[in-house]
Amino acid sequence: MHARPFIDSLDFARNGQQISGEVLVAELSRLADLLSDTEGKLSYKILGGVDKFTIPYLSLDVSGVCHLVCQRCMQSMDFEVVVSTSVQLRDQAGLDQLDKNEVEEEFESILAEAQLDVWHLLEDEILLSLPFASKHAVGMCQAVDEAGKRQEESHPFAALAKLKR
Ligand SMILES: [Zn+2]
């Protein structure tokens, strides 16, 4: 059992701190709602820093496997989580300013909280990384109505023969 970590985000970034660990998929309830089961765990690493414009940021890396529902056959499928991104830390005035400017920022900005919930942040980024409609690779579905198609696809010469005709 891992304790839910919190960081003082600005302090963390300015001092170039880092935190790494693992989180059970089951702990991320918003993510878990979208999955076929809550098995598995994800590894993460967060590194703080300050960019050349003196904006504090957090760089995030998350990896691991969770189980999405295939939107073709509705069966479970492995999904490899690969998140590698950075978020900039802003105070509320800074965020409001960004909203007003409506400029497409290169990096996402979040509120610089003194008690930033690390897992919550990771979960946000994982949710953003999920495909709109996850599907097994072509021909890998288990559904009965896919069986015919699967056979056809596994015989490339059949398609070739059709072309020659
Ligand atoms: Zn499928």
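The model is a predicted one, in which local features need pLDDT of at least 70, side-chain atom pairs count only at pLDDT 80 or more, and totals for chains, interfaces and linings use all residues. Residues are numbered from 1 along each chain as its sequence is written, and side-chain values use heavy atoms, with hydrogens and water left out.

**Overall fold**
- You will find 6 helices and 7 strands in the chain; these are DSSP runs numbered from the N terminus (helices H or I, at least four residues; strands E, at least two).
- Their order along the sequence is β-α-β-α-β-β-β-α-β-β-α-α-α.
- Of the 165 residues, 36% are buried (under 20% relative accessible area; exposed is over 50%, partly exposed in between; 1.4 Å probe, protein chains only).

**Zinc site**
- Four side chains coordinate the zinc ion at 2.0 to 2.3 Å: Cys 70 (SG), Cys 73 (SG), His 136 (ND1) and Cys 141 (SG). Donors here are N, O and S atoms within 2.8 Å of the metal (3.2 Å for Na, K and Ca), and water is not among the atoms, so sites may look incomplete.
- The arrangement is tetrahedral because the 4 donor atoms subtend angles of 101 to 118° around the zinc ion (for four donors, all angles must lie between 85 and 135 degrees).
- Along the chain, the donors are spaced as C-x2-C-x62-H-x4-C.
- Cys 73 sits in the loop between β4 (56–69) and β5 (76–90), and His 136 in the loop between α4 (118–129) and α5 (147–153), so this pair ties together parts 63 residues apart in sequence.
- Cys 73 counts as buried at 8% relative accessibility, and so does His 136 at 15%.

**Helix α4**
- With 12 residues, α4 reaches 17 Å from its first C-alpha to its last, close to the 16 Å expected at 1.5 Å a residue (the expected span is 1.5 Å times one less than the number of residues).
- Buried residues in α4 include Val 118, Trp 119, Leu 122 and Ile 126.

**Around Ser 76**
- Ser 76 belongs to strand β5 and is partly exposed, with a relative accessible area of 37%.
- Beyond neighbours within four places in sequence, Ser 76 is in contact with Ser 36, Asp 37, His 67, Leu 68 and the zinc ligand His 136 (contact means heavy atoms within 4.5 Å).
- Ser 76 and Leu 35 are 41 residues apart in sequence, yet their C-alpha atoms are 8.2 Å apart in space.

Note on methods. Tetrahedral: all angles 85-135°; square planar, octahedral: opposite > 155°, others 65-115°.
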